[in-house]
Amino acid sequence: MTVTFGSCNLCEAMCGLEFTVENNTVTSVRGDKQDPLSRGHICPKALSLIDVHADPDRLIKPVRRTPTGWQQIEWDEAYDLVVDGLVSTRKKYGSNAVGVYQGNPNVHSLGAMTHGIPFTSMLRTRNRYSATSLDQLPHQLVNHLLYGHQLALPIPDIDRTDFFLVLGGNPMASNGSMMTVPDFAHRVRDLKARGGTLVVIDPRRTETADVADEHHFVRPGTDALLLLALINAVVESGKTRVADYVDGATEIAALVADFTPAAVAPVVGIAAEDILSLATRFADAKAAVAYGRMGVSTQQFGSVCQWAIQVLNILTGNLDRVGGAMLTDPAVDLIEKKIVGRGHFDKWRSRVRDLPEFAGEYPCSTLVDEMTTPGDGQVRAMAVLSGNPVLSMPGGEELDRAFSDLDFMVSFDFYINETSRHADVILPPTMSLERDHYDLIFHSFAVRNTAKFAPAVLAKKAGARADWEIFRDLGVRYQSALSDSPLGGLRARLKPKSILAEARLRLSPKRTIDLLLRSHRKGLSVAALTKSPHGVDLGPLRPGLPQKLRTRDKRIQLVQDVIVGELPALHDLMASSEVPAEGQLLMIGRRHLRSNNSWMHNAPRLTKGKPRHQLLAHPEDLLSRGIEDGSVVSVTSAAGAIEIEVLATDRMMPGVVSIPHGFGHQRAGVELSVASTVLGASANDITDPQQVDAVSANAILNGIPVTIAAV
């Protein structure tokens, strides 16, 4: 028996863990009290790592789909099939006929970051998609516009703030998202102990609202109006404190002049005096910070919301301020060393719906169009990397049919799930306990600067391969196949890039991160971090503007044309007499502590206990429709209909209903023995891929007009 230390990489929290290991099996998991970031915090998901490792449904070696079912094959045969499928599609239809989707787990795997990105770049396709446009795209776009880099996200200094305003986020369940904040509950207690205030704005009384000093219901889709009214009230009070590297404050005052608390109150559902009080207390606080997440990102005005949050922080002097919002100083700085590019917006547009790219990716909501619309550039083959778009993208049923019609598909996944069941070949990587880990992304979004390298806790099973090994082997074979095909001329023109890409693939993640650590910060290396298994504390967030800005002139321009262009639509929304239309309700999503998108429902210890799949609705909304609590109802939107059990609760704002995403595992061909018994419909069967944020084209997953009726 041995005790070793590592991290949980299932979500963004990066919680430090203590593992007891016997015979290459984890027998217990505890929070690591000496981890400088998580401080001993642990949630049920960490315990489920034991279930995932032992899961009999988890694939260890590749499988191919045959007329009689799945057949296990050896790695060399699998690689040959995948390379042939991708190269032959490219040869016949062009590089854009191959599509790529990268799911959320990719950013939680060091190997996927160091090797998956070079591999997908070799495909030379513009049909690239990822979970970004189902989630945080408005964040990244606003970062790019205001601060000059898509990852330049100011992080709330929760450990030193006096006033924390949370809109559409639930860090008690998520432990932070685009704000890595493990042990959030203790941090809130510390906030209150020093006399601080937590205010939550959400259409549901969430777990975070339960520990807040104040909670206000807000009508879904109207958060932008609320934020503009808060800015208006701050400006009118004369309490702005604008840094000398910020331009456009005077123009902002004119742009928000009509969005007074009194004007927006009837639409947002918060009294004008409460909006004014909130703005006054925020502006008067010694240090305050506003933070918004999924609820404000994945709605009609998601980009406006994220821009307005930044403007509110900037105008009140809370950007780059202790207790406000600051950029981080990670040990491996992805921005400073140009490891991740600044991003670009609308350099080209999608073939079918003319939607803008961001950082080389199209919005997920148009993937189904690109797969089903004939013509030059139609997606005919897909590489799906650790994702389940049938459950996670809007219009799931239509997407399900589109995947079944592809000429070729490869899935990088260790489960046969709702999406991978359509693949011709599935390449399963090892699970997280069987691979080294350093979190390249979420150290950049953490509320404290730390660094930690975690060696693999367990040896991989016989015949298994890590994700980086799969991408390495495929990449080398793919480049070789291009040389031997009529596309070889293209490879010759790209030879310097090809050589560099192959060199990167042949370098292990451990060696790669060691080189990055050594080049970024004196005294840090994999060896040094291995000697500090709990992690290294690099200190609290620190002010650093304007030096850290990546704008060309080291200045922040508040007025952005793409945002201002949405203000007329917000004027129209403010003037609306009914939001939503009579008889309709507004649907939102929700997150559970014991769930992780769609892929952790096969872990028995996460799915046991009371059901968590229900439609939540206010008792008055059920009574007025003659619907009994606990009954099955139909939920209908413009995109489709589902049937689901309803649960009455006054935790919902009247006029609003909620369905968690990631459910719906009862589709034929899914080989998940536990998840297939978990009740629940897929919310994305009734979200509409045709409806997107008008600025970024991010998916709209909240504020969906629906009707409900007894079945």
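Arginine 124 is partly exposed, its relative accessible area being 40% (partly exposed lies between buried, under 20%, and exposed, over 50%, with a 1.4 Å probe and protein chains only). The phi of arginine 124 is near 55°, a positive value in a residue other than glycine, and the residue is found in the loop between helix 4 (110-122) and strand 7 (128-130), where helices (H or I, at least four residues) and strands (E, at least two) are DSSP runs numbered from the N terminus. The model is predicted, so that local features need pLDDT of at least 70 and side-chain atom pairs count only at pLDDT 80 or more, while totals for chains, interfaces and linings use all residues. Residues are numbered from 1 along each chain as its sequence is written, and side-chain values use heavy atoms, with hydrogens and water left out.

Lysine 338, although not a glycine, likewise has a positive phi, of about 60°; lysine 338 is exposed, with a relative accessible area of 73%, and is found in the loop between strand 14 (325-326) and strand 15 (345-349). A cis peptide bond, with omega about 10°, joins leucine 545 and proline 546, and proline 546 is found in the loop between strand 21 (536-540) and strand 22 (556-557).

Helix 9 (residues 223-237) and helix 14 (residues 302-315) pack at an angle of about 20°, with their axes 9 Å apart; axes are lines fitted to C-alpha atoms, for helices over the stretch in contact, and angles run from 0 to 180 degrees between N-to-C directions. Helix 9 and helix 14 are therefore roughly parallel to each other (angles under 35 degrees).

Key. Parallel < 35°, antiparallel > 145°, perpendicular 65-115°, else oblique.
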